[in-house]
Every structure is written in structure tokens, then in C-alpha cells.
Amino acid sequence: MVEIDMMLHAQEPDRLRLAQLPTPVVELKQLSRHAGVPRILMKRDDLSGLELSGNKIRKLEYVVEDALAQGADTLVTHGGFQSNHCRATAAVGARLGLKVRLILRSEDPMPEADGNLFLDRLFGAECSFHPPKEYQSQLDNLVETTLDAERTAGRTPYFFPVGASVPLGCWGYIRCFAELAEQLGRDSPVDLYVATSSGGTQVGLMLGRALLDCHNWSVRGVPVSDSVDYFRTSLRELERQTVAEFKLNVPIDQMPIELVDGFIGEGYAIPYPDAVESIHLLGRSEGIVLDPSYTSKSMTGMLSELAQRGSSRLPVFLHTGGSFGLFARRDLLS
Ligand SMILES: *Cc1c(COP(=O)(O)O)cnc(C)c1O
């Protein structure tokens, strides 16, 4: 990985080594036969660790480094009650001896401690639950109250938002792009498919693509929570902030934002039959676990595009993790 460091070192902020990197790239032979295309590859970021598994840990490497540099002893963040981001934060906190406070969105005031939430508890994070309406309208207050309580108790809290999708966190996927380009070679044309929600993953990949001049790579985000129109604006905004904060030499106005529309279903974390079928398909044909909120939908989007337009470039699926979430939804598969 010497080459990656050479490519990025000028602007890259410090990071903690938390994830198991590089994650492997594997060929999905049964799936490509099923889809009728010569090859499909998978970048297995679901193997970035066990407790730390998934895409969030790459972002946390930078964000938690910053928290430690600022003398924090408590991490405060938020997300849905089955948030992979919150679970990874809880695990990192335990490992580094930091307190973790999670502000969680949940219809049910006492949701069953299964999947990620089971692990949040196991890792000793302090969780509070808020109905979606309160969570949406009162989030700033909830965060402020939590930070105040920690300060009053004599601790030094550090806050980062859902998904760690802040400019610092985007570095996780700038680096991942460089890692993948080194694994596949920069010159081969690639269609890289990824689930998009808080946006830092796709923005990091797009910036990596620009920084490494991989113009024959396409970063194809599959929205799983909000509309394509919403993402066209919010991804660009996060991209602008990241370019400004780190003075990156990237012409963002000329960079395409590629989004694969039509695979959200009724909304975030609400599965639909084709997405459930994708979970079955990857389980049976490859022995790989997809999750109910993200990768089942991005996989469905990729397979649909391949069925409609075939593949002139090499399709690569970024498995962003989330496996624990499936255990909280075993009802879907019974
Ligand atoms: C958070 C998450 C994503 C989406 O990444 P963002 O950076 O939030 O867009 C995709 N897949 C899984 C499994 C996730 O947990």
C-alpha cells in the first residue's frame, strides 16, 4: 500500500488504524452466470473487521483520530436504532476506552435488542430512543442536551453526525478508491456500484476518482433513503465542503454525479420483494450476506442495470456491510 500513501499523502489527514485493510476483491462467478455477464467483482468492505465491519469504520479512522487529538473522552453520534454506524462507533469506543452516547431513532420506545442494537448494548454504549418525529424536528436539541450533560459530568464529548459523513469522514472512501484502483489497475474501465444514504461513501469515491484521474471509472450510487433530486444537491454540497476544507485540486463542477434511481422502495430500511430476492440470491449462489437496508437495494439496482444494458465496463459491487442488520429482520426470509 506504499503507492496509495504516495498518491494521497499531501492532503490526507491523520488516521487511526482500526479497519482490516486492504479489504479483498473477489469474483462472483455464480452471480455473473445468473446475470448473464462475463464477470462481476465484489469489493468486500463487509470484511473490514467483525465488530467494526462495514463502510463506517473507514470514515471513523479519521473522525475518531480527530476526537482523540482534541482530547475527547466521549463520542456522541446518532442514527436509526439498527444503525451500522452507531454499532461501529460503540465498538471503537469500547476498544479505545471512550464513553459512547447514541441518539437513536425508533418508532418503538423499547426496541428489541437484536442485530446492531444488541451489539451497541454489549459494547456498553448508552442509548436513548426517540420517535421519528421528535428525532427529525429536535435533533439539534437532543445533541446539545447530550453534550451538555456530558460536560456537566466533567467529560469532554466529541460529536459527529449520522454516518460520519463530514468532510473528514469522506477521506475513508478517497482512500478506499485508491486501494481499489491499486487492486484492479487504474486503466480498466469500471462501473462501481454503491448504496448511498448519508453520502460520505459516494462523495469519497467520487473525489478519489477525480484525484486519481480515473475517468473511465463510473461511481454509480444507488439511493436507499432519499430521492435522486435530494442527493444531487446534498452530495455536491458535501463534495464542495470537502474540497474547500482540504484544498483539493478537483474541478467538481465537471464531475458527474451518477445515481441509479428506482431502488429505494417505500423508504429507508423498508425492504421490498426484489430486494429480499437479492438477499436470497447472494446467500444461495455465493454464500454472502447482504443487509435489508442498504446492500440488498444496491445489489438489486446493479442487477437491474446489468439486465437492461449489459456491461461494457467491469461491474464491481462495493459491499458496504450491514450483515448484523439482517439478524434483526429474519422475519423477511422465513
Ligand atoms: C451507512 C451505510 C451505507 C451508506 O453509506 P453512506 O456513506 O451513509 O451513504 C451503505 N451500506 C451500509 C451497510 C451502511 O451501513
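Which polar backbone atom is 3.4 Å from an oxygen atom of the ligand? It belongs to G200. The model shown in these views is predicted, so local features need pLDDT of at least 70, side-chain atom pairs count only at pLDDT 80 or more, and totals for chains, interfaces and linings use all residues. Residues are numbered from 1 along each chain as its sequence is written, and side-chain values use heavy atoms, with hydrogens and water left out.

View 1. A polar side-chain atom of T201 lies 2.6 Å from an oxygen atom of the ligand. For K56, a polar side-chain atom is 2.8 Å from a ligand oxygen. The backbone contributes through G200, with a polar atom 3.4 Å from an oxygen atom of the ligand. On its own the ligand has 380 Å² of accessible area, and the protein covers 98% of this. Accessible areas come from the Shrake-Rupley method with a 1.4 Å probe; for residues, only the protein chains shown count as cover.

**View 2. The shell around the ligand.** The ligand is surrounded by 16 residues, the closest being K56, K59, S198, T201 and T320. A residue is near a molecule or strand if one of its heavy atoms lies within 4 Å of it. Two or more residues of the shell come from each of α3 (56–69), β7 (190–196) and α8 (200–211). Helices (H or I, at least four residues) and strands (E, at least two) are DSSP runs, numbered from the N terminus. Sorted by class, the shell has 12 polar, two nonpolar and two charged residues. Here Ala, Val, Leu, Ile, Met, Phe, Trp, Tyr, Cys and Pro count as nonpolar, Asp, Glu, Lys and Arg as charged, and the others, Gly among them, as polar. Domain 1 (25–54 + 165–332) and domain 2 (56–160) each supply at least three residues to the shell; the domain bounds come from an automatic or database domain assignment.

View 3. Buried means under 20% relative accessible area, exposed over 50%, and partly exposed in between (1.4 Å probe, protein chains only). Among the buried residues of α8 are G200, T201, Q202 and R209. The end C-alpha atoms of α8 are 16 Å apart, in agreement with the 16 Å that its 12 residues should span at 1.5 Å a residue. The expected span of a helix is 1.5 Å times one less than its number of residues. D213, in the loop between α8 and β8 (217–223), has a positive phi of about 60 degrees although it is not a glycine. D213 counts as exposed, at 55% relative accessibility.

**View 4. Helix α11 and two loop residues.** In α11 (295–309), 12 of the 15 residues are buried, so the helix is largely enclosed by the rest of the structure. The buried residues include T295, K297, E305 and L306. From its first C-alpha to its last, α11 reaches 21 Å, close to the 21 Å expected at 1.5 Å a residue. The C-alpha atoms of L306 and G36 are separated by 8.5 Å, although these residues are 270 apart along the chain. G36 is in the loop between α2 (29–35) and β2 (41–44) and is exposed, with a relative accessible area of 63%. S312 sits in the loop between α11 and β10 (314–319); its relative accessible area of 74% makes S312 exposed. S312 and P189 are 123 residues apart in sequence and 8.4 Å apart in space, C-alpha to C-alpha.

**View 5. Backbone geometry in two further loops.** Most residues other than glycine have a negative phi, and most peptide bonds are trans. A cis peptide bond joins L21 and P22, with omega about -5 degrees. P22 lies in the loop between α1 (2–8) and β1 (25–27). A269 is not a glycine, yet has a positive phi of about 65 degrees. The loop that holds A269 runs between β9 and α10 (273–286), and at 29% relative accessibility A269 counts as partly exposed.

Methods: A polar contact is a pair of N or O atoms within 3.5 Å; within protein, one must be able to donate a hydrogen and the other to accept it, and residues adjacent in sequence count only if both atoms are side-chain atoms.
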